[in-house]
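Student: I am new to this structure and would like a close look at a single part of it. Please take the aromatic rings.

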Amino acid sequence: KNRDGQSQAEKARAADRVQFQQNRGAFGGRGGFMGRGRGGRFDSWRDKPQRIRVASVEIRADWTSLDGSNGQDDFTMSLPQMEKLKIEDDLPPVEELACVGNLFTISKNIDKASTRAAIALKKLPEPKAFHLAVTDDPIFQKLASQGKASGKATMFTTDVALGVLMAAPRSTISWDMVVLRAGGSIFLDIREGSSIYDTTVNETAQDAPDDENPKDMNSMTALATEAGYINYCYSQQTLDRTVAPQSQDRGAKELRDAWSQGTTPQTLPNGKALRYRKFELDEDLTLVVRCELDGVMETRDGKPAFVTTKAMNEFDPKVSGIDWRRKLEGQQGAVLASELKNNRNKLARWTAESVLSGADYMRIGMVSRAHSKDNVNHFILQNQMYRPEEFAKMVDLKVENMWGIVTTVMKRLMQLPDDGSGTSKFLMLRDPMKAQVNLYRVPTDAFDYDVEDEEVVAADDGDDSDY
């Protein structure tokens, strides 16, 4: 299997189907060879072959598609229709339930970075990413047990998962999330190692990168790996580690005790805080989100302000059409417009995550390669601070649409069929070729990593030719 979960044979079959459709208009189709006859297709330089995209996970034979074909309700969601959704009432009221972890103060050492005085991005060893499944979160488990007595429907999820959902109409690459229904509770989670955690580059560009040549430093996977590493290094370089981090433990004591006394020891990376926030969507629906914060800073009035940190990266000015080293100082708006065009989905997800976390500021670094042919060394060209609500307007992300999508999807997920066992598992999959989200009923042991790892070890024949 490749990184996207698809075998090479499946990709080849998909390519053959697309090629057959294209050849019908050029060879033997109506209008004669190359479409020169009546009704034929004229093959010109404007004709562009259809991009072949694959699903983020392989659809298995024992999964049941909830598309209405078997007489059940159709749970397919149209992305263009999702883009039109709006929340009818005011924004949902929010309450902080608990917060755990600690945060470093944002450093001012790189604030003076500019195109004329660029600061080298420090290369740091990247640790294994922190992952805590929603169903394994001790605070969520405590809240779910309390919610059973109230009888109110509740969805538990993370800011990353909800950000994907809020920005779904802008996505072009396939993604998937796991939906677990247990009584009146819905757990929306992301699989460990999912492509959702990849930092995409130029996903929405007209000539988006692909993986036709995996050895190319500007291939889709190579750029995503580079961008992810840049984001980690930048987020660490913005912190002041000369001062001890500030504890962020607060909230209900029973929730903080549940975190520290959970059956599975939870170790947060130093300088990371998790904030649990509850949103009342309506009288019968509650949403609880686990959000991440990256740092804290002191404002002029002496109050703490929470910060999320991200980095945009430039890899080749010839591809984007704008040279950051020439345009950032005098035409910052043009650079942002170009990034919005090429990375609409990524910017929307970042903004949605910041809004959900209640962060006071988004710190965004502009990072560029030392040279377009050097994907190892990078320089910080500029740092910007935005209010999440203001940045949402800049990237044309409507808050009422974000919450309209969440409310509508949550109500729809509450209608998923229950097999009577008390726990049902489903998969929400962004279709790779159609602008829609499909739902599948999957076995309760699907995506059980321990079982899958054992199967992989047992089937390993020692041949690494596919990797």
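Student: Does Phe 279 count as buried or exposed, and at what relative accessibility?

Tutor: Phe 279 counts as buried, at 4% relative accessibility; buried means under 20% relative accessible area, exposed over 50%, and partly exposed in between, with a 1.4 Å probe and protein chains only. The model is a predicted one, in which local features need pLDDT of at least 70, side-chain atom pairs count only at pLDDT 80 or more, and totals for chains, interfaces and linings use all residues. Residues are numbered from 1 along each chain as its sequence is written, and side-chain values use heavy atoms, with hydrogens and water left out.

Rings of Phe, Tyr and Trp (its six-membered ring) pair if their centres lie within 6.5 Å; planes under 30 degrees apart count as stacked, over 60 as edge-to-face and the rest as tilted. This rule gives 7 aromatic pairs. One of them joins Trp 63 and Tyr 440, tilted, with 6.3 Å from centre to centre and 55 degrees between the planes. Trp 63 lies in the loop between α1 (8-26) and β1 (64-65) and Tyr 440 in strand β19 (residues 436-442), so this pair ties together parts 377 residues apart in sequence. Trp 63 is buried at 9% relative accessibility, and Tyr 440 is buried at 12%.

Phe 279 pairs with Trp 403: the ring centres are 4.9 Å apart and the planes are at 45 degrees, so this pair is tilted too. Phe 279 belongs to strand β12 (residues 273-282) and Trp 403 to helix α12 (residues 399-413), 124 residues apart; helices (H or I, at least four residues) and strands (E, at least two) are DSSP runs, numbered from the N terminus. Trp 403 is buried, at 4% relative accessibility.

Ring pairs also link Phe 140, Phe 156, Phe 187 and Tyr 276 into a cluster.
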